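Work through the exercises below with the sequence and the structure open. Try each task before reading its solution.

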Amino acid sequence: MFQDKKAGIIKTASWGSYFLITLSAPEIARESRPGQFLMIRVSDSLNPLLRRPLSIHNRSGQEVEIFFQVAGEGTRLLAQKKAGDFLDILGPCGQGFSLKPEFKDQEIFCVGGGRGLAPLYFLGRELQAAGARPVIFYGGQTLSDLPLKKRLEEAGWETYFSTDDGSFGFPGLVTGLVEKELEKRKPDYLFSCGPEAMMASLAKICQTAVLPAEFSLESIMGCGLGACWGCARKIKKNGEIKYLRICQDGPVFPAEEIIWPGD
Amino acid sequence: MVDLSVDLGFLKLKNPVIAASGTFGYGLEFQPLYDLNLLGGLVVKGLYFKPREGNPPPRLAETPGGLINSIGLQGIGVEAFGREVLPRLAGLKTAIIANVCGEEEEEYARVAEYLSRQAGLAALELNISCPNVRKGGKCPAQDPEATYRTVKRVQQVSSLPLITKLSPNVTDITAVALAAQEAGSQAVSLVNTFLALAIDLPTRKPKLGNVLGGLSGPAIKPLALRMVFEVTKKIEIPVIGLGGIFNAQDALEFMVAGASAVQVGTANFVNPLACPEIIKGIEDWAKSQGISSLSEIVGSLKV
């Protein structure tokens, strides 16, 4: 865990409301694992006050990348940052996706909805490096919600796209696309990050298919260090239901531990 | 050479900066980021006798310059703290202060009694002021008599020095401070959070799962400063000031208002290095002003 008060922005890219920022942060880059996140100070002012938790999208040498969509004041300010600016970042925070030794030669589904694709690119790269076969499912409302399409295609992984309006790829929800694929084959594991409703529905699909899965959850956070307990959520751990911290006990949890709204 | 040490009478701190309860976990959470021995002290998260579930989420809402929380003192309970956490803190060369909570007087007494039998604690902070655990934000610190009774009861069973943490959600905080002093509290810390509400207009629902929460952060600093000023004029025991301290200047202002030491809370979230940076800032300022001991500035407000 490091606080880098002056992580330099090397480059930025944007597609409508989606943004990619590449940062120089050698210590954080070295320690990062897929599914972990950064706590980012978006402004020097006291409004907004809190840091913003954002998934680590990629690591390359001494650099880390974040990919996000403007969703409120914090991300709006972050989106204004330019190459040459500095960011105060804290990380890597939390427990990432589990990278199991048995994944070697196995087929791993990685399902991202909208900006939820953020941690899955890093995950795909690490899975590939570990000898696993990542299969990516990337869904959005419309084609412009799939800004990382090119990046995924260039990675050379088996990749499927879906749009709710049918403007590209499978017409419909990404969960429908995964379901269709599961009729044809049985992967060994599934990882996902995206809107809560999407993940909840995916969790049921995995349960029916007896497919082990892990989901990355989101919350407003105070510290990102496990100190404030502001991001607590009810989790089933060892048969007991209690409030655990998304920042420190998560953000990634095994499917069987998560209690979805409406469960 | 500036002497940053602070003598509270019952406790000598190497510097006046203490990490505030509820924002610093059980202390260990910040250990990866800096040497905790730099701190004047740290107050661990509030302890009830039994583990406590805490309030339903969402537990945090941001406001301009402020943070409303309704954590509800989720915690591991005092026995698990004594068994698993305290031994890991005991080797630190900083004042470890435990924050004592209770549903009623007897629980405060049980927690304090248990803690006073453990090695490694410098003092107890009596949390009679959390707005998040009783209906409507009620707490003993809203009533001088309830404050007196609770402090007195804890005094009977605990051998450790007692710091009573006061609530700002009162008409006259000096009356409560006096009651704590009369009951034998060795110091008071103020203020805890301001009872607050945040609304999500589109859904017309409260932003917090527990409806009301406690406001902290820079937004409350002028209010907290005023209360520290009022209380230090009325009581003899030392005052530990807190409420929106984000930098060395804020900390020094509390000391000029009359605080002998300060606590830093919400700032730990925004800048995890807030405490050591504030300590350094205080030292630099004292040097630049030719001040050799911080006691020179305590209560030095020119009015």
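The exercises go from the fold of one chain to single residues, and then to the second chain.

The model is predicted, so that local features need pLDDT of at least 70 and side-chain atom pairs count only at pLDDT 80 or more, while totals for chains, interfaces and linings use all residues. Residues are numbered from 1 along each chain as its sequence is written, and chains are lettered from A and ligands numbered from 1 in the order in which they are written.

**Exercise 1. Overall build of chain A**

Task: State how many helices and strands chain A has, and what share of its residues is buried.

Solution. 
Step 1. Helices (H or I, at least four residues) and strands (E, at least two) are DSSP runs, numbered from the N terminus. In chain A there are six helices and 16 strands.
Step 2. The radius of gyration, taken over C-alpha atoms, is compared with the globule rule, 2.2 Å times the number of residues to the power 0.38. Chain A has a radius of gyration of 18 Å, close to the 18 Å that the rule gives for 263 residues, so chain A is as compact as a globular protein of that length.
Step 3. Along the principal axes, the C-alpha atoms of chain A fill a box of roughly 50 × 45 × 35 Å.
Step 4. A residue is buried if 20 or more other C-beta atoms lie within 10 Å of its own, exposed if 12 or fewer, and partly exposed in between, with C-beta atoms placed from the backbone. Of the 263 residues of chain A, 49% are buried.

**Exercise 2. The antiparallel sheet**

Task: Give the strand order of the open sheet of seven strands in chain A, and say which strands stand at its edges.

Solution. 
Step 1. Two strands pair if DSSP finds at least two bridges between them.
Step 2. The order in chain A is 4-3-7-1-2-6-5, with antiparallel pairing.
Step 3. The edges are strand 4 (52–55) and strand 5 (58–60) of chain A; each has a single partner strand, so one side of each is left without a neighbour in the sheet.
Step 4. Take one pair inside the sheet. Strand 2 (residues 18–24) and strand 6 (residues 63–69) of chain A run antiparallel and are joined by seven bridges. Phe19(A) has Phe68(A) in strand 6 as its bridge partner.

**Exercise 3. A β-α-β unit**

Task: Name the elements of chain A that make a right-handed β-α-β unit.

Solution. 
Step 1. Strand 8, helix 3 and strand 9 of chain A make this unit. Right-handed means that, with the strands pointing away from the viewer, the path from the first strand over the helix to the second runs clockwise.
Step 2. Strand 8 (residues 107–113) and strand 9 (residues 133–140) of chain A run parallel and share seven bridges. Cys110(A) is opposite Ile136(A) in strand 9.
Step 3. Strand 8 of chain A also pairs with strand 12 (residues 189–193) of chain A, in the parallel sense, over five bridges. Here Ile108(A) is opposite Tyr189(A).
Step 4. Six of the seven residues of strand 8 of chain A are buried.

**Exercise 4. Cis peptide bonds**

Task: Find where the cis peptide bonds at Pro48(A) and Pro58(B) are placed.

Solution. 
Step 1. The bond from Asn47(A) to Pro48(A) is cis, with omega near 0°. Pro48(A) is in the loop between strand 3 (37–41) and strand 4 of chain A.
Step 2. The bond joining Pro57(B) and Pro58(B) is cis, with omega about -5°. Pro58(B) is in the loop between strand 4 (41–43) and strand 5 (60–63) of chain B.

**Exercise 5. The barrel of chain B**

Task: Give the strand order of the closed barrel in chain B.

Solution. 
Step 1. The eight strands run 3-4-7-8-9-10-15-16, with parallel pairing.
Step 2. Strand 3 (residues 17–19) and strand 16 (residues 261–264) of chain B run parallel and are joined by three bridges. Ile18(B) has Gln263(B) as its bridge partner in strand 16.
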